[in-house]
Amino acid sequence: CITNNFEFNVIMVADSENLRLRLPPSPLRQLAAKLLQCDEQFPPDLLERMYIVAKKATRNLNVQAGEFLHNLSEKKHSQAHVQSVINAFPSSLSHKKDGRLPVQKAACYKISLSFIPLLAYEGNRLNVGGDDSHGGLLNIVPIDPGNINALQILAEGTFCVKDPKNIDKKYLQIMKSLQSMNLLRKEHIEKYDLLGWASYTTSRQRFKYLMAWSPEALRTSKHKGVPLLVDSILRPIHTKPQDCFEMILEAGMKYFPNEFGFIFRKYNGKAACERAILSFGKEDAMVRIRKFILPSDNHPILHQVAAHAPQYMNDFATYYPDATYIRDKNKRLLFHAELASGTKSFSSHSLFFLQATDGQIGEKDPVTGLYPFMIAASDSTSDLSAVYSLLVRQPRLAEPENAIMLERKASILLSIERQKAAIKYRQAQASIAVSNMVTECDEISLSDSALLASSPLNPDKKKSVNVDVVKNKWNTKSSEGGGASMRGQRTARITDQPRIKMSSSVFQRVRGIEMSLSTSQDKQGERPISNGKSHSNSGHVRTTIKKLW
């Protein structure tokens, strides 16, 4: 379809020029030439009568042009012909026949579909049909029993045609042309329920096109006041309701998988899946549902069945056995969902309560915030046998909530105290190990202690060691102890250095270092330090002292 007005004018001028050259002078040209000769020199009474005749002729020409636009045919007429008529008689676009505008009449017959973009474009430019009517596309077709507009007629499925796929493709091209002219907009899909009118198998391509353009329309659309999926089930048999149901369910699962294609949406108290089972039969309906809601996708479909169609739980569980162990988006167990549905009683479903695990009975329902026995008690029937069977398994759940919380808090505190006691015990054992090690190991010699006090490796140079004082203290302690003999030269412990807590592995390393010190001292003896530097042995001592610090 040519949609550019400039191109139309070019074609119209070219065709007119060709016709003028090929055809002899027409009666219209002869009449026009004579009318052009009329001027004010004519008698007034003759001019007045000629004006009346000219007005009548103009009206008649407009009527004939309008009739022509109501009977367009792709086999007889071209886009240039239609454009020429519109340019010559613009008011012909507003000519009504049987209450319809030319653009509305063209939408009703497939033989004139290709002229709709041109008629709508020129009608919108000339404000045909009023403001915001898009050239008459949005005006109601008065004789149609459904009181629909031309856009809805374009979206509606076509029946009793030989080649529905090609017709569907042709309608789709018209809608795309209108979209490119901004005469078909996204808001029209929901406002005029275009998705519902296209939800037939004979308009499958148009349905997919509109669905991709506005997926949200599937959620909000109501075809003739009924949700789209439910409406597809209630349609007459000649419209192939099973295939329509499949087409809409496929689109719903593509764009709204978390809502299961809206098969659980209720209308007048019945879910769509329930109506499908009643209308198509249980086996046929379940095969069609399972075709698009695959069991391998791990959908918590049984939770929805428990809430909206619990009477078909066994049928759905047969097709979706793995969904029994899946939690829904609220982390809810299937056990809680079935119990909350209010359809389980101990007298008729005793195994449901007896086979429940302790974990299921002791877990709160994340949706209601209640324990299972509370859900059973809060139901309208309030099955006392069910409440007892659940509560006898977990009697602590009947205690006040504060008592349970205090019990948990006490358990946590007890665990913390045990950890603290274990830490204290390990610290005491470490202290004993330190004391034993200090008393058993060889002491650093007094000369090395003096070296440490003056060495740059000493972390606190202000705390120097008085060797004589340490000797006196050591001799006093030795005399008080009965003069016990000691292996090698003993040195005093530097008392004004802070104690450092170390692990047992570190103490073993320190023990080895001290033993190497005592061995090297026995072999080489003490060496003086000159100018703050030591010989090779003193370098070894400094390295060792650094490790000790």
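User: Where is the place of Leu183?
Analyst: This is a predicted model, and in it Leu183 sits in the loop between α8 (164-180) and α9 (186-191).

User: Is Leu183 buried or exposed?
Analyst: Leu183 counts as buried because its relative accessible area is 3%, and the cut-off for buried is under 20%.

User: How many residues apart in sequence are Leu183 and Asn124?
Analyst: They are 59 residues apart in sequence, and 8.5 Å apart in space, C-alpha to C-alpha.

User: His134 was on that contact list. Where is the place of His134?
Analyst: You'll find His134 in the loop between α6 (116-125) and α7 (150-155). Its backbone has a phi near 55°, which is a positive value in a residue other than glycine. His134 is also buried, at a relative accessible area of 7%.

User: Which other residue other than glycine has a positive phi?
Analyst: Lys224 is one, with phi near 60°. Lys224 is in the loop between β1 (222-223) and β2 (226-227).

User: And Lys224, buried or exposed?
Analyst: Exposed, because Lys224 has 62% relative accessibility and the cut-off for exposed is over 50%.

User: Switching to the aromatics. How many aromatic pairs are there?
Analyst: The count comes to 9 aromatic pairs. One of them is Phe256 with Phe262, a tilted pair at 5.1 Å centre to centre with 55° between the planes. Both Phe256 and Phe262 are buried.

User: What about Phe352 and Phe353, how do they pair?
Analyst: Those two are edge-to-face, with 5.2 Å between centres and 85° between the planes. Phe352 is buried at 16% relative accessibility, and Phe353 is buried at 1%.

User: What lies over the face of Phe352?
Analyst: Lys344 does, at 5.1 Å from the ring centre. Elsewhere, the charged end of Arg235 sits over the ring of Tyr200, 4.0 Å from its centre.

User: Which residues do ring pairs link into a cluster?
Analyst: Phe260, Phe264, Phe316 and Tyr320 are linked that way.

User: Now helix α15. Why is it largely enclosed?
Analyst: Because 7 of the 9 residues of α15 (residues 272-280) are buried, the rest of the structure largely encloses this helix. The buried ones are Ala272, Cys273, Glu274, Arg275, Ala276, Ile277 and Phe280.

User: What do the buried residues of α15 pack against?
Analyst: Quite a list: the helices α13 (228-233), α14 (241-255), α16 (282-292) and α18 (313-319), plus the strands β3 (266-267) and β4 (270-271).

User: And what comes just after α15?
Analyst: Gly281 does, and it takes a positive phi of about 100°.

User: Last topic, the surface. Which residues form a nonpolar patch?
Analyst: Ile412, Leu413 and Ile416 form one, with about 270 Å² of accessible area together.

User: Where is the place of Ile416?
Analyst: Ile416 belongs to helix α24 (residues 401-440). Ile416 counts as partly exposed because its relative accessibility is 34%, which falls between the 20% and 50% cut-offs.

Conventions: Residues numbered from 1 in each chain as written. Predicted model: local features only at pLDDT ≥ 70, side-chain atom pairs only at ≥ 80, totals over all residues. Heavy atoms only, no water. Helix = DSSP H or I, 4+ residues; strand = E, 2+ residues; numbered from the N terminus. Buried < 20%, exposed > 50% of the residue type's maximum accessible area, 1.4 Å probe, protein only. Phe/Tyr/Trp six-rings, centres within 6.5 Å; stacked < 30°, edge-to-face > 60°. Lys NZ or Arg CZ within 6 Å of the ring centre and 35° of its normal. Contact = heavy atoms within 4.5 Å. Patch = residues over 30% accessible without salt bridge, like charges linked within 9 Å, V, L, I, M, F, W, Y side chains within 5 Å. Areas by Shrake-Rupley, 256 points an atom, 1.4 Å probe, with all protein chains shown as cover. Salt bridge = Lys/Arg side-chain N within 4 Å of Asp/Glu carboxyl O. Lists of a residue's contacts leave out its neighbours within four places in sequence.
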